[in-house]
Amino acid sequence: MKVLVTGGAGFIGSRIVDFLIKAGHETVVIDNLSTGRKDFVNPKAIFYQADITKSLDTIFHKETPEIVIHTAAQTMLRYSIENPIFDATTNIIGTINVLEACKKFKVKKIIYTSTGGARVGEPKYLPVDENHPLNPSSPYGISKHSAEHYVWLYNQLCGIDYLIFCFGNVYGPRDNPKSNRATPIFSWKILTNQVPQIFGDGNQTRDFIYVLDLAEFIVANMTKSPEHKLFHLANGEQTSVNELFALLKEFSQTKIEAIHTESIKGEIRDIVLDTRLAQKELNWKPKTTFREGIKETFNWMKENKKLFE
Ligand SMILES: NC(=O)c1ccc[n+]([C@@H]2O[C@H](COP(=O)([O-])OP(=O)(O)OC[C@H]3O[C@@H](n4cnc5c(N)ncnc54)[C@H](O)[C@@H]3O)[C@@H](O)[C@H]2O)c1
């Protein structure tokens, strides 16, 4: 099949591209390289440096993809609080623009990548299932969730088939220490002898998921037609930020201690996702344990430190 991946130079998108190529799909990437890297794009993919907020007609006209996997986004929750207009422009207007191109050039299906935590806000119960009420507490949570509505609407109005995958906290090789994500930031700080900063007491919990498990699953399931359309993808395990840091200390053998600073307004306290729907309908079963995945991630950062200097 011919598949177009927006954000295919990014942390998650570039892994999806690798699995698409491995499975023999003709793969096209659109990325403006704002946080992604050209050297992460599989050389067998056709690459366009382009912005999803601008017209994509020329690319879609030339490539006529059958499936679009839309991962391009402004992904930093903290940044979105300071820059809500930029966040909404990329995540909402950018998604509408991608959907307009899908409509015009008769794309059969769009796979939208969303967030399991930020769209919900402070959970009312745990684990959070797909029916949990949505009260996003950040512009990022609102923009990612709004885009889901547009994906749904284009299905109703134009018949574009879709699936929406809402991730836990994704971690793994190729993650960027310039992101808002704890694993690459802590790893980077440890490797460059800086003091990592933990917001709040560090007992806040997240549901971490290894990037390769996620990317492989998306490619294997992109053509399926399950009963539901929106699924949580996570480990279904509650892990604290302190536990994450302790594991990185163990693998790095560092003596550096993190300092604790004020927690960030807009970030939720605890989250763990209920993944039973994806297990039942799509046989979701992550392969990588948190311990194995963090070790791989730290070792990758150690070997690839130069990329981020
Ligand atoms: N990393 C996580 O923990 C996580 C969790 C839940 C959901 N997600 C979602 O997964 C998707 C991928 O996130 P990621 O972690 O790989 O982040 P990332 O920043 O590595 O990837 C985003 C990619 O989109 C590109 N991009 C950004 N704005 C663009 C624009 N206007 N035009 C074209 N390209 C643009 C960037 O250059 C980058 O390559 C996002 O939609 C994000 O919201 C990520």
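1. A residue is called buried here if 20 or more other C-beta atoms lie within 10 Å of its own, exposed if 12 or fewer do, and partly exposed in between, with C-beta atoms placed from the backbone. By that criterion, 45% of the 309 residues of the chain are buried.

2. The structure is a predicted model: local features need pLDDT of at least 70, side-chain atom pairs count only at pLDDT 80 or more, and totals for chains, interfaces and linings use all residues. Residues are numbered from 1 along each chain as its sequence is written.

3. The chain has 10 helices and 13 strands (DSSP runs numbered from the N terminus: helices are H or I of at least four residues, strands E of at least two). Its radius of gyration is 19 Å, close to the 19 Å that the globule rule gives for 309 residues, so the chain is as compact as a globular protein of that length. The radius is taken over C-alpha atoms, and the rule is 2.2 Å times the number of residues to the power 0.38.

4. The domain assignment gives domain 1 (2–170 + 207–233) and domain 2 (172–206 + 238–271 + 287–308); such bounds come from an automatic or database assignment. The centres of the two domains, taken over C-alpha atoms, are separated by 24 Å.

5. Between the domains, 27 residues of domain 1 are in contact with 20 residues of domain 2 (contact: C-beta atoms, placed from the backbone, within 7 Å). On the side of domain 1 that touches domain 2, helix H3 (77–82), S7, strand S10 (208–210) and H7 each supply at least two residues. The largest share of that side, four residues, comes from H3.

6. The largest nonpolar core has 63 residues, and Ile16, Ile69, Ile111, Phe165, Leu214, Ile218 and Leu233 have the most contacts inside it. Such a core is a set of buried Ala, Val, Leu, Ile, Met, Phe, Trp, Tyr and Cys residues joined through C-beta atoms within 7 Å. Helix H7 (residues 211–221) gives this core its largest share, six residues. Apart from it lies another core of 12 residues, including Phe186, Val241, Phe245 and Met301.

7. Around the ligand there are 29 residues, of which Gly7, Gly10, Ile12, Gly36 and Ala73 come nearest (near: C-beta atom, placed from the backbone, within 6 Å). Strand S2 (26–31), helix H4 (84–104), strand S5 (109–115) and strand S7 (169–171) are the elements that give two or more residues to this shell.

Notes: Contact = placed C-beta atoms within 7 Å.
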